[in-house]
Amino acid sequence: MTSGAAAPLMPAMIIGLILVACVVMSLGRVLPRRFGTLLSGGAAVAAAGIEAAMLVPASQTRLVYWMGGWGARDGRTVGIALVGDQLSIGIALLAAVLMVAALVFSWRYFESDSTHYQGLMVLFLAGMTGFAFAGDVFTMFVFFELMGVAAYALTGLKSEDPSAVHGAINFGIVNSLAAYFSLMGVAMLYAHTGSLNLAALSLELAGDRSLLVPVAFILLCTGFLVKGAVVPFHFWLDDAHAVAPSPVCVLFSGVMVELGFYGVARVYWAVFSASGVAGPALTVFVALGVITAVVGTVMCFLQRHLKRLLAYSTIAHMGLFVVVLGSASREAMGGVVLYIVGHAAVKGALFLLSGVILDRYGSVDEFSLHGRGRDAPALGVGYLLAGLALAGAPPFGLGLGKAVAEHALAVDGAPWAIVLFVAVSAVTAGAVLRVGARIFLDVGSPPEGVEAEGMSGDEEMIEVTIGRQSVPLSMSAPIVGLLACGLAAGLIPALASAGVRAAERFMDTAGYVNAALNGAAGYAASGPTQAFWDAPSAGLGLLSSALAVGFAAAGLLRHRLPTAVRRGFATFDPSTRVLRRLHSGKVGDYVVWMVLGVAVSGVALVV
């Protein structure tokens with residue numbers, strides 16, 4: 001049973017990626033050296049091409065495929081459904097594009113080709129693709145675990161490095177425990193309704209105000225909140241980013257974390273938005289989003305390890321996405337769609353640039369690299385440009401998505417969100433610009449006090465040959481390409497409008513249910529959208545960019561500031577020390593915080 005001629009491409013693509021991963025890992029060692037490179041890269045390119053082609057029919061109707069033809073009968077389901085709408089196909093396409101960039105960069109980046117690495121990357125892509133298309137909660141769980149297994153192994157790829165093993169273990173334990181919580185939520189829903197399919201669950205839970213519903217909701221979402229690095233479920237993220245190879249971090253920050261957000265949004269809008277948990281859940285989302293944005297922003301500015309700094313920046317921006325989810329604004333969600341695309345491009349470029357820095361200088365420590373980048377002006381220009389893009393500078397797509405979301409939230413009665421968005425963008429981008437100015441422009445005061453307590457990037461186990469003077473085309477092209485994509489996303493008016501329409505269709509619960517269960521073609525009529533740059537949105541982008549430069553200057557010249565200003569900064573030192581200590585690196589602490597987050601969120605939903 002299918003809906004849409006292109007629907008069979010969804011299972012074919014997932015199965016094909018899994019088979020390619022198996023072939024690469026099993027035969028790569030006995031076949032020619034470039035075999036794994038060509039096969040893995042070809043699989044990622046093919047996936048991106050197929051998904052780009054699928055976007056055309058998906059703009060007219062949801063694509064639905066029931067495995068084995070076991071479709072719905074009288075609203076009851078026993079089969080496995082795959083559903084492709086514009087957002088699910090779009091995020092799968094984003095994963096494939098970032099995978100292509102990471103694999104191309106890896107070709108000359110590592111000292112030797114590793115078929116183990118390439119096979120895991122393709123398996124990782126298969127997991128992300130299957131998760132995006134999954135039409136029932138158990139299939140989401142299965143692909144969630146497939147994605148996680150590949151990610152754990154990629155995090156600990158440098159197995160000779162104890163810190164890499166430690167980071168991978170932390171990642172594995174926290175995410176696996178979160179998966180068990182999600183599985184408990186799946187079991188509770190199945191016991192309560194006899195259904196696993198998202199659309200069928202939506203019908204079964206409509207108007208249900210029993211205690212089981214909020215408990216099952218928070219348990220089910222725990223795995224997604226952990227993968228999405230929402231505070232207090234976020235502690236594993238910086239440890240994983242610090243030790244994972246730079247090309248892998250592109251996928252972690254660019255799409256894996258966003259898939260956690262997608263999972264929460266999909267479960268809420270497809271299943272629970274018509275249940276008794278709907279209103280309280282939105283309030284919890286806003287609270288979690290604000291806390292996540294604040295904690296991520298502060299921790300980002302405190303870092304001296306480049307990859308940890310970028311990881312906390314991802315956490316901060318994820319907080320903004322969750323705030324928008326809690327607003328239930330269709331236009332704001334449309335802005336987040338473009339925001340995610342722009343963020344993935346810019347953050348991917350920044351992680352690849354960090355990889356080039358490690359390749360060239362043997363460190364990712366801000367203070368150890370002070371002034372050493374003066375011999376690489378092109379590298380510095382790229383890094384500083386990406387920092388400005390992260391601030392939301394016009395005309396980058398990240399800035400346009402942020403502007404659309406800010407405008408929608410202000411119109412919906414939440415003008416405070418503009419302050420939050422501008423502050424998060426300015427401070428996180430200011431940290432990136434501070435690092436770039438210190439390394440490439442040789443400016444800044446020497447560290448002292450709390451700044452010197454940060455984890456050093458000198459401890460990064462070297463994954464490449466140090467001292468490369470010229471950057472190969474295979475390493476520079478993905479960086480330039482990602483920055484160009486981030487720029488193009490803000491220059492094409494149709495993209496912003498398409499994002500708003502896609503979000504509106506994503507949030508159409510009735511339309512999703514009719515398509516999945518009844519094969520209903522087409523989308524409900526949507527109103528006109530006019531989402532693009534205007535004077536206020538460009539002004540906010542320029543404001544956050546100017547503030548980012550100011551925060552960077554304050555961080556660089558903190559010890560030359562007037563005494564009164566320095567005392568003002570010093571008043572925050574005790575709280576920042578406490579925040580540092582909470583991020584202890586001990587997996588037991590992280591598990592306690594996760595369980596506490598589940599308990600508090602659950603109580604909030606119930607009460």
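This report describes the spaces, salt bridges, surface patch and backbone features of a predicted model.

## Basis of the model

The model is predicted: local features need pLDDT of at least 70, side-chain atom pairs count only at pLDDT 80 or more, and totals for chains, interfaces and linings use all residues. Residues are numbered from 1 along each chain as its sequence is written, and side-chain values use heavy atoms, with hydrogens and water left out.

Helices (DSSP runs of H or I, at least four residues) and strands (DSSP runs of E, at least two) are numbered from the N terminus.

## The largest pocket

The largest pocket has a volume of about 880 Å³. Its lining consists of 32 residues, and Gly90, Leu93, Val337, Val341 and Leu495 lie nearest the centre. Two or more lining residues come from each of α3 (86-109), α10, α13 (330-361), α17 (473-488) and α18 (493-506). The lining of this pocket has 28 nonpolar, four polar and no charged residues. In this classification Ala, Val, Leu, Ile, Met, Phe, Trp, Tyr, Cys and Pro are nonpolar, Asp, Glu, Lys and Arg are charged, and the others, Gly among them, are polar.

A pocket is an open set of points on a 1 Å grid over the protein atoms alone, with protein on both sides within 12 Å along at least five of seven lines; a cavity is a set of points where a 1.4 Å probe fits but cannot get out, and lining residues have an atom within 4 Å of a point. Grid points are joined across faces, edges and corners, and a volume is the space filled by probe spheres set on the points.

## The cavity

The structure holds one cavity of 30 Å³ or more. The largest cavity has a volume of about 50 Å³. Its lining is made up of Leu225, Gly228, Val230, Gly260, Phe261, Val264, Phe285, Met318, Val322 and Leu325. Helices α10 (246-272) and α12 (306-327) each supply at least two of the lining residues. By class, the lining of the largest cavity has eight nonpolar, two polar and no charged residues.

## Salt bridges

The whole structure contains 10 salt bridges, each being a side-chain nitrogen of Lys or Arg within 4 Å of a carboxyl oxygen of Asp or Glu. One of them joins Arg62 and Asp508, at 4.0 Å from N to O. Arg62 is in the loop between α2 (35-58) and β2, and Asp508 is in the loop between α18 and α19 (509-518), so the pair ties together parts that are 446 residues apart in sequence. Arg62 is buried, at 1% relative accessibility; buried means under 20% relative accessible area, exposed over 50%, and partly exposed in between (1.4 Å probe, protein chains only).

Another salt bridge links Arg266 and Asp85, at 2.8 Å from N to O. Arg266 belongs to helix α10 and Asp85 to the loop between β3 and α3, so this pair ties together parts that are 181 residues apart in sequence. Arg266 is buried at 2%, and Asp85 is buried at 4%. Arg360 and Asp375 also meet in a salt bridge (3.6 Å, N to O). Arg360 is buried, with a relative accessible area of 11%, whereas Asp375 is partly exposed at 43%. Asp238, Asp239 and Arg308 are linked in a network of salt bridges.

## A nonpolar surface patch

Ile15, Leu19, Met67 and Ile80 form a nonpolar patch on the surface, with about 350 Å² of accessible area together. Patches are made of residues with over 30% relative accessible area and no salt bridge; like charges are joined within 9 Å, and nonpolar side chains (Val, Leu, Ile, Met, Phe, Trp, Tyr) within 5 Å. Accessible areas come from the Shrake-Rupley method with a 1.4 Å probe, and for residues only the protein chains shown count as cover.

Ile80 sits in the loop between β2 (63-66) and β3 (81-84). Ile80 is partly exposed, with a relative accessible area of 41%.

## Backbone features

A cis peptide bond joins Val231 and Pro232, with omega about 5 degrees. Pro232 is in the loop between α8 (212-227) and α9 (236-243). A cis peptide bond also joins Pro394 and Pro395, where omega is about 5 degrees. Pro395 is in the loop between α14 and α15 (397-411).

Ala328 is not a glycine, yet has a positive phi of about 60 degrees. This residue lies in the loop between α12 and α13. Asp442 has a positive phi near 60 degrees and is found in the loop between α16 (416-440) and α17.
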